[in-house]
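Please read this briefing alongside the sequence and the 3D structure.

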Amino acid sequence: MFGEKALDLIRELHRSRDGTLGPYNEDVVRQILEEMQILYEANQEDVAQVVQNDSDQSSLTAIQVRHDSLQRNKRCLLAYLYNRLMKIRDMRWEFGSVLPPDIRRNMSEREVQWFSNYNRSLSSYMRSIGPRGLDLTQDLKPPQNVFIEVRCVEDRGEIELDDGSRILLKKNSMHFLPRSQCERLIRQGILKQVA
Amino acid sequence: MDVSHKSSSGMLQDYMSIDDILMSSERLPSVFLVPVKGLGFLDASTNKKDIAVGTKMDLPLWLVLSLAHPRKKFISFDYTKPYKGTYREILKADASVVDLHKIGPFFYAFGQQLLTLNHNESLQMAKCLVLTFMERFRKIMDWSINAYEHDNSERQEKLDEVERNLFKLGQKSLQSFQQWEMGESRKLSSSELVSRHRKRKRDMSE
């Protein structure tokens with residue numbers, strides 16, 4: 001049956017739906033496009049013949065089947081690309097403007113481009129809010145305290161805060177820090193808020 | 001922001017939905033009412049160049065929706081077992097014990113799509129879908145908001161996709177409530193996507 005490869009792509013997406021982005025399957029995409037090319041050319045031929053020879057309508061069903069298969073392949077390809085992009089978009093909000101290298105490796109050239117365009121649009125939008133801009137990726141929950149107590153989950157070495165002071169992020173070390181500095185690190189799983 | 005696993009809630013499919021694409025790939029027993037020139041290779045049981053009139057094949061729903069359309073009539077089709085008389089009787093007897101996931105994970109969605117085609121059992125099938133859902137829904141609602149997933153995982157296995165999504169919603173709201181009770185909702189947390197990613201990295205480096 002036509003459209004089997006396309007279905008494989010979708011199954012791939014379905015399997016990885018709770019995880020992170022899988023590698024872009026360039027191979028299968030190409031095979032689907034090849035199948036579409038074959039279907040398209042066969043239909044061009046049959047349609048030309050039907051138009052020329054009005055009395056011979058015997059190819060009509062085959063033309064319909066190929067046409068439906070083309071539409072099906074198209075749907076699967078678009079859904080594959082679209083769903084991956086939505087995941088990449090979500091990653092901007094979860095990981096920040098720089099993606100972990102192992103995720104980036106799984107993206108196609110065009111997807112990387114898309115991500116940087118999205119980044120740019122988001123930044124310029126955020127800059128345009130109010131007199132000084134507003135970082136929408138911060139304060140996703142209403143802030144309760146100015147300072148919070150956090151524990152470090154893994155060794156990250158020394159980092160510098162906005163006011164210039166340095167802290168050493170050693171595994172299991174506790175810190176009492178301004179909320180605004182911690183939010184990003186907590187989101188990335190490096191720090192964990194303590195009660 | 002998970003758009004991919006929304007699925008159709010009616011006669012219209014969601015074009016980009018992964019679930020809808022998987023659902024519409026399920027097959028129906030069909031018979032060709034006209035010959036199909038040049039596509040004989042689709043029929044594994046014959047070496048002929050064309051598909052002959054009367055050939056029986058299991059065709060995917062996406063193709064049946066087009067070929068069996070009342071205005072075209074290239075094929076005739078029949079429902080699969082879960083939607084026919086015998087099974088409908090089983091569901092009428094006691095819908096809550098049936099394993100809807102096993103007989104086709106998209107029981108309701110696929111059934112709804114079948115209703116867009118003419119079939120002499122469509123009225124009974126439609127009633128069956130509604131009654132089955134009504135009977136099972138109560139239990140699902142109760143389970144999902146009263147107990148945690150590990151207690152319920154066995155029950156979850158017998159649910160079809162629509163029911164599983166409802167179940168997840170119930171669980172999520174139970175979780176949120178309990179977190180709020182404990183004051184957890186005021187704490188910042190790392191996102192789920194990030195935690196899973198780090199876990200996988202840790203597992204891989206071990």
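A:Cys152 is buried at 0% relative accessibility, where buried means under 20% relative accessible area, exposed over 50% and partly exposed in between (1.4 Å probe, protein chains only). This is a predicted model in which local features need pLDDT of at least 70 and side-chain atom pairs count only at pLDDT 80 or more, while totals for chains, interfaces and linings use all residues; side-chain values use heavy atoms, with hydrogens and water left out. Residues are numbered from 1 along each chain as its sequence is written, and chains are lettered from A and ligands numbered from 1 in the order in which they are written.

**Cysteines**
- Over all chains there are zero disulfides (a pair of cysteine sulfur atoms within 2.5 Å).
- For A:Cys152, the nearest cysteine sulfur is that of A:Cys182, 11 Å away.
- A:Cys182 is also buried, with a relative accessible area of 0%.

**Helix α5 of chain A**
- Helices are DSSP runs (H or I, at least four residues), numbered from the N terminus, and strands are runs of E of at least two.
- Buried residues in α5(A) are A:Glu111, A:Val112, A:Phe115, A:Tyr118, A:Asn119, A:Leu122 and A:Met126.
- They cover an arc of only 120° around the axis, so they lie on the same side of α5(A); the arc is taken from the directions from the helix axis to the C-beta atoms.
- A:Glu109, A:Arg110, A:Arg120 and A:Arg127 are exposed on the other side of α5(A).

**Histidine in chain B**
- B:His119 sits in the loop between α4 (107-114) and α5 (122-146) of chain B.
- B:His119 is buried at 13% relative accessible area.
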